[in-house]
Every structure is written in structure tokens, then in C-alpha cells.
Amino acid sequence: LAQQISATEFIETLFDDLTGYLCIAKTDDEGRWNRHEFYTLPDQMAAALTDVEWSTEATLGYSPFLYSQPWRKGDDEGAVTKVVGVDADHHAADEFKIEPSMVIETSPGSFHLLWLLTEPVSQTAAVAVGRSMTRAHGLEATASLPTKLLRIPGSLNGDSEKMRNKAPFRVTGQTTGNIYTLAELEAEYPPVSSAVMPALDI
């Protein structure tokens, strides 16, 4: 059965034992993601968790990649991750060929879906599978961008286009406990290269 996951549990699950720069982002008064904090993991994991825990009444985003430098880059050859993720928007988890490891509801009826991996993989490998999911399910072209920021469960969404002039929505996260090898995901979603769907920098 799926279980709720807190903001700090979420960050620990995705980034524990990895090395690199973790990006935690917040929005400004106009709803733009232009407040970025980079934490060097594993040394600054405690500081990152404290920031997340104390900021859940704000809009919080993260990158699923740990970068080799303190900025978000779409072609960072040193970036690593333990997850394949897409912004599925209104597409539900049961539409996908493999059950996600985590379902994050970011606004009513809209979802980020994550598949946890048994071991770290490169940014290139993870994004190639995300692109395949994007094509297979007709998601928006930005759904699997390597520079895309995703929302942290437990935080608020009151500034996205869907939530304008509405009460803030508490982002929720559920975990199934499923973990996959990259090969298992590639078997259902053959990798799509950046030549087919270019990796746009933000």
C-alpha cells in the first residue's frame, strides 16, 4: 500500500549516499523560481533538510539531479540521480506501463511521477527514459527537461498558473516502495536521445 512521505523523508530518499550539488528552489513574490540554494552533498545534507523542514509553508522545488557545479545545467556530464521523473500533469499513475515509486500531487488532479532506481545513473541516461515516457504518453515537451524543477511534497503550491486566485494547495507525496533497475525502465520505455527531443536549458 502507498504511504505518505514527508518533505525531509522525500529529500533523504532521493539523495542519500549521492555526491554533488543539490538545488533547492523557492519562488519570488511573482511566482518565479529565482531563489536557488545549492547544498554540497553529502556534507550539507543536514543543512538542506533543515531548510526544507522550515520552509514547507512556502513554495519549494528541487532538481532530481545532483550537479557537478552549483547551477542547473542540461548537459552536465557529471550530474547523477537515483530517479527517473516526469511532470505528468493530468495523466494518472495507472496510465504508465510501470507503477511509479512515488506519486506527487502538485495541484488537484496534477502529478509528478518518480521511479526510484537501484543505483545512481547519469543525467543523460535518466533523461533519455523520461523523454521516452514523454513521447509515449503525449506529455508536454517540458515534462522531462533535465533542468526542470519539481515540487517537494509537504510544501505549498499557490503560485502556479493553475492555482492563481485560488487557496494554496498542499503538495502531497505517496510512496509505493517500488525500486527499479534502469534496464527495467528502458525495457518498457526505450531511451530517446536529445537529438530527437533537445535538452533545453532554463
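Two strands are taken to pair if DSSP finds at least two bridges between them; strands (E, at least two residues) and helices (H or I, at least four) are DSSP runs, numbered from the N terminus. The model is predicted, with pLDDT of at least 70 needed for local features and 80 or more for side-chain atom pairs, while totals for chains, interfaces and linings use all residues. Residues are numbered from 1 along each chain as its sequence is written, and side-chain values use heavy atoms, without hydrogens and water.

Strand E7 (residues 110–122) is joined to strand E6 (residues 102–107) by 5 bridges, and the two run antiparallel. Ser107 stands opposite Ser110 in E7. E6 and E7 form a hairpin with 2 residues between them, and Gly109 in the turn has a positive phi of about 80 degrees. E7 also pairs with strand E5 (residues 80–89), in the antiparallel sense over 8 bridges; Val80 has Ser122 as its bridge partner in E7. With strand E12 (residues 179–180), E7 pairs in the parallel sense over 2 bridges, and Leu116 is opposite Ile179.

In helix H1, Ala7, Phe10, Ile11, Leu14 and Phe15 are buried (under 20% relative accessible area, 1.4 Å probe, protein chains only). Seen down the H1 axis, these buried residues fall within an arc of 100 degrees, so they line one face of the helix; the arc is that of the directions from the helix axis to the C-beta atoms. Just after H1, Asp17 takes a positive phi of about 75 degrees.

Notes
Buried < 20%, exposed > 50% of the residue type's maximum accessible area, 1.4 Å probe, protein only.
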